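Student: I would like to go through this structure term by term. Please say what each word stands for before using it.

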Amino acid sequence: MKISINKNRLQKKIDDLALITEAAPPVVTRVLFSESDLRGRAFVKNLCREAGLVLREDAVGNIFAHWEGTDKTLPAVATGSHIDAIPNAGKYDGVVGVLGAIEAIRALQAAGFQPKRSIELIIFTSEEPTRFGIGCLGSRLLGGVLSIERAAALRDHDGKDLEFWRAQGGCTGSLESVKLPKDCYAAFVELHIEQGPILEAENVDIGVVEKIAAPSTLRLQLTGVGGHAGATLMPGRRDAGLAAAEIALAVEKAATTTGSPDTVGTTGVFRIEPGAVNSVPCRAWLEIDLRDTLVKTRDVALVQIEAAVKEICTRRKIEFTMERLNVDPPAICDAKLVGTTEVVAKTLNFSVKRMISRAYHDSLFMAQVCPTTMIFIPCFKGYSHRPDEFSSPEQIEKGVRVLADSFAELAG
Ligand code: HGY
Ligand code: MN
Ligand code: MN
């Protein structure tokens with residue numbers, strides 16, 4: 001079977017999708033169910049239809065694009081990723097796994113391949129945490145990892161809930177209907193840029209992921225006392241901005257003193273009010289991202305941060321609320337599937353490396369549903385979540401080819 005990936009067609013689609021953004025190109029931003037996210041979804045659904053895939057959408061907006069196999073009694077082989085993008089993002093994160101999967105399917109169709117097991121592409125809702133502070137909303141619900149009650153309690157920064165945003169996204173049906181039955185798929189394989197420097201630095205074509213690091217997120221609201229910057233003398237100030245600043249430094253300290261180079265801590269959301277230069281900050285909102293490849297190490301740092309928050313706020317007489325939005329275990333990928341994917345890449349004469357993913361992905365939760373692994377491709381200096389994120393058409397082509405041949409192997 002002669003499979004050839006049309007890398008120019010794929011690059012054009014990646015470039016076209018990048019123009020659907022809330023920001024000025026080349027900056028990509030597509031936050032859950034925003035106008036640009038909805039336009040991006042429509043663009044991708046169109047590509048799926050052009051590839052002859054049958055579409056359905058679940059109650060939280062996960063999109064399923066289906067290529068029927070000859071034996072409908074067999075669980076399908078699945079792939080997928082996301083097209084939502086954080087503020088100031090690039091055009092490859094998630095998108096390579098969605099548009100690349102469509103291209104892999106089109107290449108198999110052109111080669112006359114007819115799958116025995118159906119092949120299903122999933123475009124997951126809200127892989128990024130921007131809207132509610134928690135990532136992988138769609139795959140958490142698919143994997144039954146997020147309770148309906150927790151999902152209903154989610155709020156964005158303006159206090160809007162999931163029901164509001166589901167209505168914006170045109171979602172219908174009950175959230176209870178989203179959860180997938182265990183082993184409803186024979187396998188799930190996600191193609192993604194590495195979002196790290198290893199493959200490029202070691203000049204390796206393909207990464208096969210064995211483990212996905214353990215993410216956690218804290219959301220804090222600090223309330224101090226505002227006042228006139230000139231008339232409020234320093235003694236006795238209850239400055240929410242300074243408490244927030246001390247907490248951000250405590251996050252850095254906790255992440256750099258675990259003894260593990262794999263602990264990473266980031267205060268990625270840091271908002272203060274009223275945000276006037278001549279007014280003492282009365283309120284602050286923080287969202288803290290803490291990860292490690294080992295849960296134990298991560299949890300030690302997490303408890304240290306929570307203790308620091310209490311100490312800092314007590315000393316500074318700042319009221320606070322602190323919520324664990326998510327504290328997830330790592331995912332261990334299916335050893336057999338990792339092996340199969342590795343053999344597929346080697347058979348194509350690509351250099352291959354088994355890896356840990358420091359970024360989280362929808363695969364973190366699909367691993368709760370079925371045997372899962374990921375295919376990584378190199379990206380420029382490991383840059384991601386920034387507009388200069390880049391993988392070349394040739395690097396993408398290799399990843400898509402491994403995905404296509406993996407489909408042939410798994411669904412044939
Ligand atoms: O944050 C992450 O790891 C993913 O890119 N959302
Ligand atoms: Mn991302
Ligand atoms: Mn991603």
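Tutor: Contact means heavy atoms within 4.5 Å. By that rule, and not counting residues up to four places away in sequence, Leu99 touches Leu10, Lys13, Ile14, Leu17, Val44 and Leu47. This is a predicted model, in which local features need pLDDT of at least 70 and side-chain atom pairs count only at pLDDT 80 or more, while totals for chains, interfaces and linings use all residues. Residues are numbered from 1 along each chain as its sequence is written, chains are lettered from A and ligands numbered from 1 in the order in which they are written, and side-chain values use heavy atoms, with hydrogens and water left out.

Student: What makes a set of residues a nonpolar core, and which residues have the most contacts inside the largest one?

Tutor: A nonpolar core is a set of buried Ala, Val, Leu, Ile, Met, Phe, Trp, Tyr and Cys residues joined through side-chain atoms within 4.5 Å. Buried means under 20% relative accessible area, exposed over 50%, and partly exposed in between, with a 1.4 Å probe and protein chains only. The largest such core has 68 residues, and Val44 and Leu99 have the most contacts inside it. Helix H3 (residues 95–110) gives the most to this core, with 10 residues. A second, separate core of 28 residues includes Phe33, Leu137, Tyr185 and Val369.

Student: Why is H3 called largely enclosed?

Tutor: Helices (H or I, at least four residues) and strands (E, at least two) are DSSP runs, numbered from the N terminus. In H3, 13 of the 16 residues are buried, so the helix is largely enclosed by the rest of the structure.

Student: How do you know that the length of H3 agrees with its number of residues?

Tutor: The expected span of a helix is 1.5 Å times one less than its number of residues. For the 16 residues of H3 that should be 22 Å, and the end C-alpha atoms are 22 Å apart, so the two agree. Just after H3, Gly112 takes a positive phi of about 85 degrees.

Student: What makes a residue a donor of the manganese ion (ligand 2)?

Tutor: Donors are N, O and S atoms within 2.8 Å of the metal (3.2 Å for Na, K and Ca); water is not among the atoms, so sites may look incomplete. Asp93 (OD), Glu128 (OE) and His385 (NE2) lie 2.1 to 2.2 Å from the manganese ion (ligand 2), and these are its protein donors. Their spacing in sequence is D-x34-E-x256-H. Asp93 is in the loop between strand E5 (85–89) and H3, and Glu128 is in the loop between strand E6 (119–123) and helix H4 (137–142), so the pair ties together parts that are 35 residues apart in sequence. Both Asp93 and Glu128 are buried.

Student: Which residues are the protein donors of the manganese ion (ligand 3)?

Tutor: They are His82 (NE2), Asp93 (OD) and His192 (NE2), at 2.1 to 2.3 Å from the ion. Along the chain these donors follow the spacing H-x10-D-x98-H. His82 lies in the loop between strand E4 (76–81) and E5, and His192 in strand E7 (residues 185–193), so this pair ties together parts that are 110 residues apart in sequence.

Student: Why is His82 called buried?

Tutor: Its relative accessibility is 0%, so His82 counts as buried. His192, at 1%, therefore counts as buried too.

Student: Why does Glu287 count as buried?

Tutor: Glu287, in strand E13 (residues 283–292), has a relative accessible area of 16%, so it is buried. Leaving aside neighbours within four places in sequence, its contacts include Gly133, Leu218 and Arg219.

Student: How is the protein chain divided into domains?

Tutor: Domain bounds come from an automatic or database domain assignment. Here they give domain 1 (7–213 + 330–411) and domain 2 (215–327). The centres of domain 1 and domain 2, taken over C-alpha atoms, are separated by 32 Å. The contact takes 15 residues from domain 1 and 16 residues from domain 2.

Student: What is the area buried between domain 1 and domain 2?

Tutor: Buried area is the accessible area (1.4 Å probe) that two parts lose on being put together, summed over both. Between domain 1 and domain 2 it is about 1300 Å², and carbon and sulfur atoms give 50% of that.
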